[in-house]
Amino acid sequence: EQALAIFKATDNREGEAQSLHNIGSMFIQQDQYLKALENYKLALAIRQKIRNKQGKAESLHSIGLAYQCLNKNSEALEFYRQALVIFKQIGDRWGEGNTLNNIGLIYTSLGNYFQALEAFQLALVIREEIKDRAGQGFTLNNIGQVYFRLGQYPKALAIYQQSLSISEEVKDLPTKGISINNFGEIYSEIGQSLKALEFYQQALAIRRQIGDRSGESYTLVGIGEIYSDLGEHAEALKFYQQALAINQEIGDRNGEGNILNHIGLVYFSTGQYAKALETFQLSLEISKEISDRQGEGALFNNIGDVYIQLGQYGQAAEFYRQALTILKEVGDRGGEGSTLTNIGSMYNYLGEYAKALESLQQALVIRREIGDVRGEGITLNNIGFAYIKLGQYSKALEFLQQALALHSKVKNRMEKS
């Protein structure tokens with residue numbers, strides 16, 4: 001701030017812009033994203049006036065980053081695209097690769113996996129071209145994460161291994177921690193709990209070593225998920241509470257809301273529906289506070305699931321409707337597909353099979369469009385159930401056989417892993 005005052009006094013406009021930019025970056029590190037955004041926008045205004053194209057691109061990129069941290073994905077994409085155009089014009093390959101990588105992260109969070117892969121592959125080509133080894137390792141991790149979400153586990157493992165090798169070569173401990181944590185996620189997903197825990201413990205040690213409190217919390221959540229899947233709910237809650245304490249300590253409201261959601265899911269799994277509802281509501285309050293519309297949509301879905309179990313179908317339908325509206329608004333195709341499947345399942349419960357099929361067919365289109373194999377299998381099963389109830393057995397068999405084929409495909413991938 002002292003530097004900013006000096007640059008203003010001496011009418012050094014670029015110096016003033018750079019100081020504002022640096023203050024914005026400081027606020028990003030402190031998770032104060034609105035303050036970061038304010039300073040980045042002031043820097044951008046100056047750089048536009050003095051026609052500093054490089055500085056303008058950097059400011060546009062940073063504004064995109066602040067919006068991304070605020071989970072305002074459409075705004076983030078808009079600024080990243082503007083930055084990308086300028087980085088290409090001025091030949092800044094590093095800026096271009098960095099921006100493409102962040103665009104890929106947004107598409108991943110929205111469930112647009114093929115668009116994410118396209119952006120990551122472009123970023124990887126650039127990072128290889130400019131010999132940015134650390135950047136390559138980071139982008140490879142992101143590509144692996146997409147294949148993980150697509151259920152292509154052997155491919156994800158191979159890519160994570162490439163990332164790990166690079167991070168060890170360049171002594172990049174943060175990325176090494178991410179890669180090892182990602183191994184844990186895969187082994188957790190395919191049911192190899194002991195192996196998953198081994199990787200999570202390694203990741204936890206690295207993250208504690210480098211003081212990555214946010215990463216430490218993320219790994220603790222992964223460990224909690226393993227115990228939850230094993231039915232050891234008290235142990236799961238213990239790890240979630242540790243993660244929650246870290247997020248409260250560092251002021252990460254987004255992370256805090258996410259962990260409360262996990263805690264709510266434990267209560268839901270154990271039939272403690274009142275506690276689940278209370279915890280989901282706490283998480284929802286945080287999502288609203290930080291304007292995380294995507295998080296709101298996911299939580300409305302979970303609250304709808306609770307009301308289904310309580311037999312309050314009218315309440316469930318209202319929450320699913322709100323979830324669907326929000327998830328469409330923010331472009332979360334994966335979330336939209338899940339919600340439509342939930343609505344279809346609800347109509348199956350109610351015996352309204354024609355309405356169920358209408359929602360489930362919409363869900364199936366989305367699941368296939370984004371390559372969500374696991375979700376596609378769940379939706380096909382629900383469609384088969386509806387046709388059984390309608391007495392259309394040949395139709396039911398057709399969809400159930402498709403579901404079985406997908407289940408076998410996923411199982412084979414797991415065995416290969």
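The buried residues of helix α3 (residues 33-49) are covered by elements that include α2 and α4. Those buried residues (buried meaning under 20% relative accessible area, with a 1.4 Å probe and protein chains only) are Tyr33, Ala36, Leu37, Asn39, Tyr40, Ala43, Leu44, Ile46 and Arg47. This is a predicted model, in which local features need pLDDT of at least 70 and side-chain atom pairs count only at pLDDT 80 or more, while totals for chains, interfaces and linings use all residues. Residues are numbered from 1 along each chain as its sequence is written, and side-chain values use heavy atoms, with hydrogens and water left out.

Helices here are DSSP runs (H or I, at least four residues) numbered from the N terminus. The expected span of a helix is 1.5 Å times one less than its number of residues. For the 17 residues of α3 this gives 24 Å, in agreement with its end C-alpha atoms, which are 24 Å apart. Just after α3, arginine 51 takes a positive phi of about 60 degrees.

**Helix pairs**

Axes are lines fitted to C-alpha atoms, for helices over the stretch in contact, and angles run from 0 to 180 degrees between N-to-C directions. The table gives two pairs of helices.

| Pair | Axis approach | Crossing angle |
|---|---|---|
| α2 (residues 13-29) and α3 (residues 33-49) | within 8 Å | roughly 160 degrees |
| α8 and α9 (residues 153-169) | within 8 Å | roughly 165 degrees |

Angles over 145 degrees count as roughly antiparallel. α2 and α3 are therefore roughly antiparallel to each other, and α8 is likewise roughly antiparallel to α9.

A crossing is left-handed if the near helix is turned anticlockwise from the far one by less than a right angle. α2 passes α3 in a left-handed crossing. Contact means heavy atoms within 4.5 Å. On the α2 side, the contact with α3 is made by residues including Ala17, Leu20, Ile23, Gly24, Phe27 and Ile28, and on the α3 side by residues including Tyr33, Ala36, Asn39, Tyr40 and Ala43. By class, this contact has 11 nonpolar, 5 polar and 6 charged residues. Ala, Val, Leu, Ile, Met, Phe, Trp, Tyr, Cys and Pro count as nonpolar, Asp, Glu, Lys and Arg as charged, and the others, Gly among them, as polar.

α8 passes α9 in a left-handed crossing as well. Among the α8 residues in this contact are Gly137, Leu140, Ile143, Gly144 and Phe148, which meet α9 residues including Tyr153, Ala156, Ile159, Tyr160 and Ile166. The contact of α8 with α9 divides into 9 nonpolar, 7 polar and 3 charged residues.

**Individual residues**

Glycine 24 belongs to helix α2 and is buried, with a relative accessible area of 0%. Leaving aside its neighbours within four places in sequence, glycine 24 is in contact with Ala36, Asn39 and Tyr40. The C-alpha atoms of glycine 24 and tyrosine 347, 323 residues apart along the chain, are separated by 49 Å.

Asparagine 73 lies in helix α5 and is buried, at a relative accessible area of 7%. Apart from neighbours within four places in sequence, asparagine 73 is in contact with Ile106, Ser109, Leu110 and Gln294.

Asparagine 71, in the loop between α4 (53-69) and α5 (73-90), has a positive phi near 60 degrees in a residue other than glycine. Lysine 131, in the loop between α7 (113-129) and α8 (133-149), is not a glycine either, yet has a positive phi of about 60 degrees. Lysine 131 is exposed (over 50% relative accessible area), at 67%.

Conventions
Helices (H or I, at least four residues) and strands (E, at least two) are DSSP runs, numbered from the N terminus. Angles under 35 degrees count as roughly parallel, over 145 as roughly antiparallel, 65 to 115 as roughly perpendicular and the rest as oblique.
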